[in-house]
Amino acid sequence: MAIFAERLFEGPAPWSKLRQSHKLPRLGERYSAERLEAPCWLALEVDLIDIRRVERILTEALEQVTTPAQRPPLPRGRFLRPGTAFAQLRPDHDGASS
């Protein structure tokens, strides 16, 4: 959690992150310091330094999902088409029309 807080304050304007930094200990009180560690590490792994995202990981209990096999499958795309569906017919190059 300390490394996440350090990364939160990196950058040209660290004072702009003060509100987010105050939320970090409150999340530790609401959930637990041990449970807060996992989302902080997950966020650091993907370079996602945003306390709102860490809070969302906690509220949805995503820190407990560790392997891709355990994650819920993505829904199949509603408008999914094979690549051939986008093939365009080429006009005749000789200029003759039928």
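Me: Where does Asp 50 sit?
Reply: Asp 50 lies in the loop between α3 and α4. This is a predicted model, by the way.

Me: Buried or exposed, that Asp 50?
Reply: Buried. Its relative accessibility is 16%, and the cut-off for buried is under 20%.

Me: What is Asp 50 in contact with, leaving aside neighbours within four places in sequence?
Reply: Phe 4 and Gln 20.

Me: Which other residue is found in the loop between α3 and α4?
Reply: Asp 47 is there. Its phi is positive, about 55°, although Asp 47 is not a glycine.

Me: And is Asp 47 buried or exposed?
Reply: Exposed, at 52% relative accessibility. The cut-off for exposed is over 50%.

Me: Step back a bit. How many helices and strands are in the chain?
Reply: The chain has 4 helices and 0 strands. Along the sequence the pattern reads α-α-α-α.

Me: What share of the residues is buried?
Reply: Buried residues are 20% of the 98 in the chain.

Me: Now the helix pair. How do the axes of α3 and α4 cross?
Reply: Helix α3 covers residues 33-45 and helix α4 covers residues 51-59. Their axes come within 9 Å and cross at roughly 125°. That angle makes α3 oblique to α4; roughly antiparallel would need over 145 degrees.

Me: Right-handed or left-handed, the crossing of α3 and α4?
Reply: Right-handed.

Me: Which residues make the contact?
Reply: From α3, they are Arg 35, Leu 36, Pro 39, Cys 40, Leu 42 and Ala 43. From α4, they are Val 54, Ile 57 and Leu 58.

Me: How do the residues of that contact divide by type, nonpolar, polar or charged?
Reply: The contact of α3 with α4 has 8 nonpolar residues, no polar ones and 1 charged.

Me: Zoom in on Ile 57. Buried or exposed?
Reply: Ile 57, in helix α4, is buried, with a relative accessible area of 14%.

Me: What does Ile 57 touch, not counting residues up to four places away in sequence?
Reply: It touches Pro 39, Leu 42, Leu 62 and Glu 63. Pro 39 and Leu 42 belong to the α3 side of the helix contact.

Me: How far apart are Ile 57 and Leu 42?
Reply: They are 9.0 Å apart in space, C-alpha to C-alpha. In sequence the gap is 15 residues.

Me: New topic, charges. How many salt bridges does the structure hold?
Reply: The structure holds 7. Side chains of opposite charge can pair when their charged atoms come close.

Me: Let's take Glu 55. What does it form a salt bridge with?
Reply: One partner is Lys 23, with the closest N and O atoms 2.8 Å apart. This pair links distant parts of the chain: Glu 55 is in helix α4, Lys 23 is in helix α2 (residues 18-30), and they are 32 residues apart.

Me: How exposed or buried are those two, Glu 55 and Lys 23?
Reply: Glu 55 counts as buried, at 18% relative accessibility. Lys 23 is partly exposed, at 23%.

Me: What about Glu 55 and Arg 30, how do their side chains meet?
Reply: In a salt bridge, 3.5 Å from N to O. Arg 30 is in helix α2 too, and this pair is 25 residues apart. Arg 30 is exposed, with a relative accessible area of 52%.

Me: Which residues do salt bridges with shared partners join into one network?
Reply: Arg 7, Glu 10 and Asp 47.

Me: How far apart are the closest N and O atoms of Glu 10 and Arg 7?
Reply: They are 3.2 Å apart. Glu 10 is exposed, at 52% relative accessible area, and Arg 7 is partly exposed, at 28%.

Key
Residues are numbered from 1 along each chain as its sequence is written. This is a predicted model: local features need pLDDT of at least 70, side-chain atom pairs count only at pLDDT 80 or more; totals for chains, interfaces and linings use all residues. Side-chain values use heavy atoms; hydrogens and water are left out. Axes are lines fitted to C-alpha atoms, for helices over the stretch in contact, and angles run from 0 to 180 degrees between N-to-C directions. Helices (H or I, at least four residues) and strands (E, at least two) are DSSP runs, numbered from the N terminus. Angles under 35 degrees count as roughly parallel, over 145 as roughly antiparallel, 65 to 115 as roughly perpendicular and the rest as oblique. A crossing is left-handed if the near helix is turned anticlockwise from the far one by less than a right angle, and right-handed if clockwise. Contact means heavy atoms within 4.5 Å. Ala, Val, Leu, Ile, Met, Phe, Trp, Tyr, Cys and Pro count as nonpolar, Asp, Glu, Lys and Arg as charged, and the others, Gly among them, as polar. A salt bridge is a side-chain nitrogen of Lys or Arg within 4 Å of a carboxyl oxygen of Asp or Glu. Buried means under 20% relative accessible area, exposed over 50%, partly exposed in between (1.4 Å probe, protein chains only).
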